[in-house]
Amino acid sequence: MTQLAAVVGATGLQGGSVIKALYAAGKFRIRALTRNPDSSSAKSLEQKYPGIEIVRADLDSPESLRQAFRGADVVFGVTQFFQNDILEKVENGDTDAEFTQGKAMIDAAIAEGVQSMVLSSLPSMNKVSGGKYSKVLHFEGKHKVEEYLLSKADMIRGYPVHAGAYMQNYVGNSRRSAEDNAVEFSLVLGASDKLPLTDIENDLGKIVVYVLEHPEECLGKPMAVCSGYFEAQDMVKAFTEVTGIPARHVQIPYEYLGSEDLAQMFQGFREFNIFDGMTDFAEYYEKRGVHLTTPAEFWKNSGWTGPSE
Ligand SMILES: NC(=O)c1ccc[n+]([C@@H]2O[C@H](COP(=O)([O-])OP(=O)(O)OC[C@H]3O[C@@H](n4cnc5c(N)ncnc54)[C@H](OP(=O)(O)O)[C@@H]3O)[C@@H](O)[C@H]2O)c1
């Protein structure tokens, strides 16, 4: 009997990646969770992946989570931070808003007898940096959810996965130069500062499938979903190599982020190897038969040739 996988955040980047890979693996029945099954993004999932089930669930409604997890063997869970409702709670002093979502997810999965949860979480930047960067709340909240999941090991098997900064962010942070029409990619990091990068749409799902196919190896052990530590300018150079279009890295001041959380995150990326000191991700996964996307492959696959203005 094939396993039933319930996927939280199915209409988003992470859940979408997981659904794509689970579907391609052909070994799972898939239940896609969304707050709005009638939305165009939910409908397009149904069209793209014939046979998947679309079910309503809201991370702020424990009862809806219980219903959505009923009968599932495995749950892929992802929590939110940079969404207005969560940010509002955080601004009003509820720094545990993301943890509350994650805990609700885990409690509902346990109550429904789900055997395994693959959880999208992150390391604690506070711990990684020895207390230097303690305000990266969207890392701390996820880490706390992960600790909670792993503390319930006698009731549910926990499989944390940690994604780096999305390669997709480069598209969002680009513009055309008014002077010479080159594509400018802006980032607070300097051109040769390093950061961990992930093609979230293509690679998260691959690792989730790997984890589910290798449960003994991955149980309780955070798996980094990351093609490598790259210089900030590597994505820019790869863009020009692939498209032939001139591009440049533009360093912007930290103040432009308008967020202490994000500012400390980038500083942490620059100074620490956040995934347990590991950097040879590509080699690690190649040995296991999984190829993760390089910057050049990302641009080739995306077919994107720069913003219109
Ligand atoms: N950006 C990065 O570089 C990066 C890197 C690592 C980790 N992350 C983390 O990734 C997470 C975001 O995941 P993503 O990129 O997949 O986000 P996304 O593309 O914005 O999608 C989020 C999905 O979550 C669903 N959702 C939102 N609030 C919900 C709620 N209350 N209950 C149930 N579902 C809800 C939405 O689906 P419906 O509207 O259909 O319900 C939406 O499609 C964040 O926690 C972020 O910190 C981001």
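The model is predicted: local features need pLDDT of at least 70, side-chain atom pairs count only at pLDDT 80 or more, and totals for chains, interfaces and linings use all residues. Residues are numbered from 1 along each chain as its sequence is written, and side-chain values use heavy atoms, with hydrogens and water left out.

**The annotated region**

Select residues 2-277, which an unreviewed UniProt entry annotates as "domain: NmrA-like". UniProt positions are given in the numbering used here, feature names are shortened, and annotations may be inferred rather than shown by experiment. Over residues 2-277 the chain is 42% helix and 22% strand, with the end C-alpha atoms 37 Å apart. Helices (H or I, at least four residues) and strands (E, at least two) are DSSP runs, numbered from the N terminus.

Next, display the open sheet of 3 strands in the order 7-10-12, with mixed pairing; two strands pair if DSSP finds at least two bridges between them. Its edge strands, each pairing on one side only, are strand 7 (165-166) and strand 12 (228-231). Strand 10 (residues 194-198) and strand 12 run antiparallel and are joined by 4 bridges. Select Leu-195 to find its bridge partner in strand 12, Phe-230. Helix 12 packs on this sheet and touches strand 7, strand 10 and strand 12, its direction making about 105 degrees with that of strand 10. Contact means heavy atoms within 4.5 Å. Axes are lines fitted to C-alpha atoms, for helices over the stretch in contact, and angles run from 0 to 180 degrees between N-to-C directions.

**The sheet of strands 8, 9 and 13**

Turn to the open sheet of 3 strands in the order 8-9-13, where the pairing is again mixed. Strand 8 (174-176) and strand 13 (247-251) are the edge strands, each pairing on one side only. Strand 8 pairs with strand 9 (residues 183-187) in the antiparallel sense over 3 bridges. Select Arg-175 to see Glu-184 of strand 9 opposite. Helix 11 (residues 234-243) lies across strand 9 and strand 13, at about 165 degrees to strand 13.

Now show the largest pocket, with about 1300 Å³ of space. Of its 50 lining residues, the closest to its centre are Gln-14, Gln-80, Phe-81, Phe-82 and Tyr-166. On a 1 Å grid over the protein atoms alone, a pocket is an open set of points with protein on both sides within 12 Å along at least five of seven lines, a cavity is a set where a 1.4 Å probe fits but cannot get out, and lining residues have an atom within 4 Å of a point. Grid points are joined across faces, edges and corners, and a volume is the space filled by probe spheres set on the points. Helix 12 (residues 260-271) gives the most to this lining, with 4 residues.

The second largest pocket holds about 280 Å³ of space. His-162, Pro-222, Met-223, Phe-275 and Asp-276 are the closest to its centre among 16 lining residues.

**The cavity**

Finish at the largest cavity, with about 30 Å³ of space. Its lining includes Ala-5, Val-18, Phe-76 and Leu-212. Strand 1 (3-7), helix 1 (13-25), strand 4 (74-78) and helix 9 (200-213) each supply at least two lining residues.
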